Amino acid sequence: MKPTPSKKLSSLPPYLFVRLAQLKRQAQDAGLDVIDLGQGSPDLPSPEHVVDALKKAIDDPSTHRYPNNLGLPALRQAIAGWYRRRFGVSLDAETEVLPLIGSKEGIAHLLMALLEPGQGVLVPNPCYPVHYNGVVLAGGKPILMPLREENGFMPDLRKVTPAQARASKVLLLNYPNNPTGAVLPSNVLLEDALAFSRKHGCLVAYDNAYSELTFDGYKAPSILQIPGALEHAVEFHSFSKSYSMAGWRIGWVAGNADAIANLSKFKGFLDYGIPGFIQQAAVAAVEGPQDYTVRAAATYERRRDALVAALSDVGWTVPTPRATMYIWARLPKAAQKQGSLKFCERLILEHGVVISPGVGFGPYGEGYVRISLIAPEARLEEAAQRIGQFLSAKKPWLAKTA
Ligand SMILES: Cc1ncc(COP(=O)(O)O)c(C=O)c1O
């Protein structure tokens, strides 16, 4: 007997980054020196004092036992303290904070914990893939809110129909935004989202994974700073980006206590939480000096400037994002017709530069590519030169559409 996938699973294409990894391997097997700017996986080492805290914690055999799925009280309190210092928001560490095995895990499981079959979720598009896939895997129905360049990559909540609003249990938002790099020009969208939630009774799930990776003096807000938000919203954060701890698998959710209690109950049936030694090291990350994060953001900012300039030198003008670790660029005109997937496949296989096709983030991402700033400036400049060669080579499909 051949076990077949469920309808939910087979309705989803293979995960974007799995496909990119296959193409990367093909390029390496063909002898290319590959520059990987695909996934948002930071190349910077985690903070030294956090690694030291992990080494110390792992010597304590009590951390070898099952952890508690509610998270270490010391970590929940440390996260509540960080919120107070960073955003001036007071949280109950017992009921309004929950450590997660990465925010990806938490987002997917929150949707599974809350959704009835067929229930709607308002999802921006393009989006970080789990915002869409998590809804499908939870048996819900994604209702796409297009993020258009002319709107600053912000959804227009006035375009949600009354029927869609009634059908929706969750409204997802993510700023600073992956993949577009957009930041909010003001708190208006956050206030509108909370008013929408009050009117229609849905939960706002705000993904703030990039709150600390901001540039040019911009500081990202928390939705929990808006008065009354604790009644209507939860906010996800990640250690992966702020502290370059993507491989450690740890993040957290904060906010509405009922939503968090439901997620925690759901996770209680599935996992035991995060290994104790990782949680102890995470306490050192949020309670220790935050200059690591400031330096990491400055590094991405320098890389951003280097890549934007190098791409401009080869004739490709791309926007300068004020946050995240991504450049979201409209495909050069000559490549528009072929689409983002074909463009990226050829760039990987012919020039060894891995970037992500916009369509991998949803239909409204078509016509764009995402380039991650996960290599030093010299490698980014080398990637831009190869992209320049790719664009200027008179490939048949480029010539045809030029
Ligand atoms: C918007 C967004 N949310 C969440 C995550 C996942 O983070 P974590 O490593 O905490 O699961 C990512 C990772 O790229 C992301 O871009």
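How far apart do the C-alpha centres of domain 1 and domain 2 lie? They lie 25 Å apart. This is a predicted model: local features need pLDDT of at least 70, side-chain atom pairs count only at pLDDT 80 or more, and totals for chains, interfaces and linings use all residues. Residues are numbered from 1 along each chain as its sequence is written.

**Two domains**

- The domain assignment of the protein chain gives domain 1 (7-45 + 292-392) and domain 2 (48-287). Such bounds come from an automatic or database domain assignment.
- The contact between them takes 32 residues from domain 1 and 30 residues from domain 2. Two residues are in contact if their C-beta atoms, placed from the backbone, lie within 7 Å.
- On the side of domain 1 that touches domain 2, helix 12 (291-313) and strand 9 (326-330) each supply at least two residues. Helices (H or I, at least four residues) and strands (E, at least two) are DSSP runs, numbered from the N terminus.
- Helix 12 gives the largest share of that side, seven residues.
- By class, this side of domain 1 divides into 19 nonpolar, eight polar and five charged residues. Here Ala, Val, Leu, Ile, Met, Phe, Trp, Tyr, Cys and Pro count as nonpolar, Asp, Glu, Lys and Arg as charged, and the others, Gly among them, as polar.

**The core**

- In soluble globular proteins, nonpolar side chains tend to be buried together.
- The largest nonpolar core has 119 residues, and Val 204 and Ala 281 have the most contacts inside it. A nonpolar core is a set of buried Ala, Val, Leu, Ile, Met, Phe, Trp, Tyr and Cys residues joined through C-beta atoms within 7 Å.
- Buried means that 20 or more other C-beta atoms lie within 10 Å of the residue's own; exposed means 12 or fewer, partly exposed is in between, and C-beta atoms are placed from the backbone.
- Helix 11 (residues 276-287) gives the most to this core, with eight residues.
- Not counting residues up to four places away in sequence, Ala 281 touches Val 50, Ala 53, Leu 54 and Ala 57.

- Strand 7 (residues 233-238) is mostly covered, with six of its six residues buried.
- Ala 233, Glu 235 and His 237 are buried on one side, and Val 234, Phe 236 and Ser 238 on the other.
- Strand 6 (residues 203-207) runs parallel to strand 7, joined by four bridges. Two strands pair if DSSP finds at least two bridges between them.
- Ala 205 has Val 234 as its bridge partner in strand 7.
- Strand 8 (residues 251-255) runs antiparallel to strand 7, with five bridges. Ser 238 stands opposite Gly 251 in strand 8.

**Around the ligand**

- Which residues come nearest to the ligand? Of the 13 residues around it, they are Gly 102, Lys 104, Ser 238, Ser 240 and Gly 251. A residue is near a molecule or strand if its C-beta atom, placed from the backbone, lies within 6 Å of it.
- The shell around the ligand has three nonpolar, eight polar and two charged residues.

**Helix 6**

- The buried residues of helix 6 (residues 129-137) are Val 130, His 131, Tyr 132, Asn 133, Gly 134 and Val 135.
- Their cover includes helix 5 (103-114), strand 3 (120-125), strand 4 (141-146) and strand 5 (168-174).

**Loops worth a look**

- The peptide bond from Tyr 175 to Pro 176 is cis, with omega near -15°. Pro 176 lies in the loop between strand 5 and helix 8 (188-200).
- Asn 178 and Pro 179 are also joined by a cis peptide bond, with omega about 15°. Pro 179 lies in the loop between strand 5 and helix 8.
- Phe 153 is not a glycine, yet has a positive phi of about 60°. Phe 153 counts as buried because it has 21 C-beta neighbours inside 10 Å.
- Ile 250, in the loop between helix 9 (239-242) and strand 8, is buried, with 27 other C-beta atoms within 10 Å.
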